[in-house]
Each structure stands twice: as structure tokens, then as C-alpha cells.
Amino acid sequence: ATLFDFSVDIRVAGALIAASVASIFVFGLAPALHLAHGSAAEALKEGGRGSDGNARRRWATAFLAAEFALTLVLLVNVAEGIRIAGAARDARFPIDPAPLLTMTITLPNQPYATPEARHRFFVRLQEAGVGHPSVVAGALTSTLPGSATLLLPVIIAGQTERSDASARRAGTVLIGERYFETIGAPLLRGRTFGADDGRAGQETAIVNQRFAELFLPGEDPIGTLIRVVRPDGSGQADAWLRVVGVAPWVRHSAADGIQPDPVIYLPAQSAPPVTTTVVVRATGDPASLAAPVRAAVQQLDPSLPLYRVMTMSDAMRQAQWNGRISRVLLHAIGTIALLLALVGLYAVTAHSVRMRRRELGIRMALGATRSRVAGLVLRRAMLQLAIGLTAGAGATLAFDRLFTSSSTQLTGPAIMLPTLA
């Protein structure tokens with residue numbers, strides 16, 4: 001099995017090829033049409049004089065300005081992406097991963113077909129792991145910190161339904177009884193799950209601080225009734241859950257941006273998963289617990305393998321792999337765009353100087369110094385650059401108004417000034 005499965009979408013590839021071929025004809029057709037509307041005598045006359053025609057200069061300036069405008073829009077978007085990715089990277093997880101060891105286990109259909117059978121096995125596994133003298137605490141979880149969760153619509157009792165369904169979405173994580181004690185993130189309010197939570201008539205939940213801030217501002221979350229809409233597309237909601245605690249925000253996605261996602265923690269007993277991750281807190285080196293935990297699993301069921309056995313630090317580092325690759329790609333895209341724009345400016349300037357060699361020679365023959373001629377060429381290049389940047393600022397403003405949300409402002413000074421600099 002491979003870690004990532006990449007495939008090529010035929011429709012996307014076909015559209016890309018069609019756009020590339022079309023661009024060749026479009027950009028090759030413009031000079032041909034320009035020459036077709038002019039006379040051969042006029043073309044020879046201009047070539048003999050060695051000067052750029054006014055129409056040709058205007059076209060060159062217009063195309064160069066358009067290139068710089070599009071480049072600025074791209075650079076501003078890249079700069080915003082880098083800023084968000086950097087903020088997500090620098091936002092620290094409010095837990096210390098050093099003493100934690102994680103391992104994943106998947107139960108086969110037989111003899112663990114029923115939720116009761118899976119729950120019994122997990123209880124025995126947790127008791128066996130905690131029984132080791134080097135283990136301080138242990139718990140189960142369906143999703144480790146740093147791993148993405150599926151955001152599902154949430155219904156809150158007493159609140160009117162909103163037209164925007166995405167305005168009230170939260171991730172769900174199944175956890176064991178001592179989960180927060182194990183990862184070292186004590187609850188801010190309320191209580192943790194007990195042995196009876198998750199049974200019929202004891203449907204409870206714990207929400208994180210981000211959930212309370214977004215959906216219950218100024219209210220006491222303890223005792224609030226919430227429902228989670230099932231992810232099967234039926235639109236049906238699960239049973240009402242009573243909030244019994246508020247947890248500190250623990251980032252469950254490396255791509256959350258500056259603020260983490262709202263999360264609802266559910267007792268693992270309510271729906272024991274087939275695949276779960278065991279987290280144990282050690283007094284010494286957590287990697288030394290891998291062999292004892294494997295032995296404990298083998299005693300419970302010799303046919304069950306443990307995989308992804310690693311420290312929490314390594315698990316969180318792997319979870320941020322996509323973010324690191326994204327930042328590298330963003331830097332590469334921005335660098336390429338800037339280099340292409342600079343090459344375009346150089347090419348147009350060099351072409352203009354070559355076509356004006358006769359004019360520049362006459363100026364120097366009449367007494368113009370080398371620095372004066374260089375300043376003349378430089379002023380024209382800077383004029384083209386200024387026109388392009390002005391057009392780019394306007395295009396970025398329009399893009400900002402049409403396609404970005406209120407939380408992301410591309411035309412703010414924190415993005416525009418470093419980009420222009």
C-alpha cells in the first residue's frame with residue numbers, strides 16, 4: 001500500500017492542454033493581425049529608421065502592464081497563503097507531546113462485529129496498558145491532535161436554524177474516559193466522561209473552547225443540548241447530547257489557520273470505532289513502552305497487529321507534512337511568477353533599446369552622456385513597471401471584493417506592503 005494515491009483527472013488535463021494550445025494561437029495571432037492591417041512600405045520605413053512605432057510601444061506597454069498586474073494578484077494571494085500557513089505552523093498545540101506514545105489498532109469484523117464486543121476489548125486493552133509501571137495514564141481516541149476531522153452540521157437547542165448551514169459545523173472526536181488527563185489538557189469547566197457516559201439515557205458530549213466561543217457566546221455551555229447531523233447525507237440528526245464539559249482548544253488540523261476548528265468530543269462507548277488510536281503517558285522515554293504495549297495486545301488477541309507506533313511528537317510532525325509541502329509550493333509559485341515578470345520587463349526593455357539604436361546613437365552624437373541615455377531607458381522601464389503595479393493594485397482590490405471572505409483581506413497593509421516591497 002502507498003502512503004498517497006495520486007491520479008490524473010482526464011478532464012482537468014484536457015482543459016489544461018486545450019488552454020495551452022489556445023494561448024499559442026491567441027498570442028501568435030495578435031502580431032499577425034497587426035501586420036496584416038499595416039502596409040509593407042510603412043513596416044520597411046519603420047524598420048529602416050530603427051525606431052519603435054507608437055502603436056508598437058503602446059502594445060508592448062499594455063501587455064507588460066497586464067503581465068505585472070496579474071503577477072501582483074498572484075503574489076498577493078501567495079503571500080496571504082504563506083501568512084496563514086505560517087500562522088498555523090507557529091500556533092502551538094497546548095499540550096506537551098514529549099511524554100506521549102501513540103499506536104493504532106484496527107479490529108477485524110470477527111469477533112468484533114458488535115459495538116459491545118469492541119468496547120469490551122478496548123476496556124481490557126486500556127486496563128492492560130495502564131497496568132504497566134511506566135504508564136501514568138492511557139486513553140483511546142479516534143483522531144489524534146493535528147489530524148483533520150470531518151466538519152458536520154450541528155443543531156443547538158433553543159437556537160433558530162440558520163440559512164447558512166456551514167455557519168454551525170464542528171468536528172467530532174471519540175475519546176476514552178481519561179483522554180484529557182492523558183494528553184495533559186485538563187478541562188476548563190465541567191467534568192470528563194465516566195463509565196456510564198455514552199449509554200442509553202446518558203448521551204453526553206464535551207465541547208472545546210472554540211465551539212463555545214462561536215456558537216454559545218456569552219452563555220454557559222454546561223447543560224446545553226446539541227445534535228450532530230449524520231454524515232451519510234440523509235440529513236438525519238443523532239440523539240440530543242448534553243454538554244458536560246468544556247475542553248481547551250486542541251488543534252485537530254494543521255490547516256486550521258490561526259484559529260482551530262470547533263470540536264465536539266463524544267464518549268467512545270457511544271460508538272466504539274473499528275480503528276482507534278491508543279495514547280499512553282509515560283514517566284520516562286515513551287518509545288520504550290512500544291514493546292510492553294505490543295505484548296499486552298498479543299496477550300489479549302495474538303492476531304491483532306499494532307501499527308503507526310510512534311511518539312506524539314512524530315505523529316504531529318507527520319500530520320504537518322502537507323502544510324510544509326504547501327508552504328514550499330507557495331514560495332516556488334511566487335518566485336516563478338516574480339522571475340517571469342522580471343524577465344518580461346527585461347525582454348521588452350532590451351527589445352525597445354535594440355529598436356531605438358539609431359535614435360540613441362544620434363542622441364549620443366549630439367552630446368548626450370552614457371548616464372543620460374541609461375536614465376532615459378530606465379525611466380521608460382520604471383514607467384511601465386509603475387503602470388503595471390497600479391493596474392495590479394486595482395485588480396487585486398477587485399479580486400479581494402469578489403472572491404475573498406471578510407476574514408481574509410488581500411488588500412490590507414499586512415499583505416500589500418510586504419508584497420510590493
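These are my notebook entries on a predicted model, with one topic to each entry.

**Entry 1: salt bridges**

I started by searching the whole structure for salt bridges, and the search gave 6 of them.

I then checked how open each partner is. R178 has a relative accessibility of 27%, so I noted R178 as partly exposed. E181 is partly exposed as well, at 46%.

My next pair was R230 and D238, whose side chains meet in a salt bridge at 2.9 Å, N to O. R230 is partly exposed at 38% relative accessibility, and D238 is partly exposed at 34%.

Where do R210 and E213 sit relative to each other in helix α6? They are 3 residues apart in this helix, which covers residues 209-215, so about one helical turn separates them. I also wrote down a general rule: an α-helix has 3.6 residues a turn, so residues three or four places apart point the same way.

Is R210 buried or exposed? R210 has 19% relative accessibility, and buried means under 20%, so R210 counts as buried.

Next I went to helix α7, residues 290-300, and listed its buried residues: A290, V293, A296 and V297. Why do I put them on the same side of α7? They cover an arc of only 130° around the axis, so they share one side of the helix. I then turned to the other side of α7, where A291 and Q299 are exposed.

**Entry 2: a nonpolar patch on the surface**

Here I looked for nonpolar side chains on the surface. L74, W321, I325, L329 and I333 form a patch there, and together they have about 420 Å² of accessible area. Which element gives the patch its largest share? I found that helix α9, residues 321-355, supplies 4 residues.

I picked out I325, which belongs to helix α9. I325 has a relative accessible area of 36%, so I325 is partly exposed.

**Entry 3: T276 in strand β10**

I found T276 in strand β10, which runs over residues 275-282. At 2% relative accessibility, T276 counts as buried. What does the side chain of T276 reach? I traced it to the backbone oxygen of T141, at 3.2 Å.

I then listed the contacts of T276, leaving aside neighbours within four places in sequence. T141 is on that list too, along with M103, T104, I105, F122 and L140.

**Entry 4: V154 in strand β3**

My last stop was V154, in strand β3, residues 151-156. V154 has a relative accessible area of 5%, so V154 is buried.

Which residues touch V154 once neighbours within four places in sequence are left aside? I noted R168, R169, A170, F211, I226, R227 and I264. I followed up on I264: V154 and I264 are 110 residues apart along the chain, and their C-alpha atoms are separated by 9.6 Å.

Note on methods
Residues are numbered from 1 along each chain as its sequence is written. This is a predicted model: local features need pLDDT of at least 70, side-chain atom pairs count only at pLDDT 80 or more; totals for chains, interfaces and linings use all residues. Side-chain values use heavy atoms; hydrogens and water are left out. Patches are made of residues with over 30% relative accessible area and no salt bridge: like charges are joined within 9 Å, nonpolar side chains (Val, Leu, Ile, Met, Phe, Trp, Tyr) within 5 Å. Accessible areas come from the Shrake-Rupley method with a 1.4 Å probe; for residues, only the protein chains shown count as cover. A salt bridge is a side-chain nitrogen of Lys or Arg within 4 Å of a carboxyl oxygen of Asp or Glu. Helices (H or I, at least four residues) and strands (E, at least two) are DSSP runs, numbered from the N terminus. Buried means under 20% relative accessible area, exposed over 50%, partly exposed in between (1.4 Å probe, protein chains only). A polar contact is a pair of N or O atoms within 3.5 Å; within protein, one must be able to donate a hydrogen and the other to accept it, and residues adjacent in sequence count only if both atoms are side-chain atoms. Contact means heavy atoms within 4.5 Å. The arc is that of the directions from the helix axis to the C-beta atoms.
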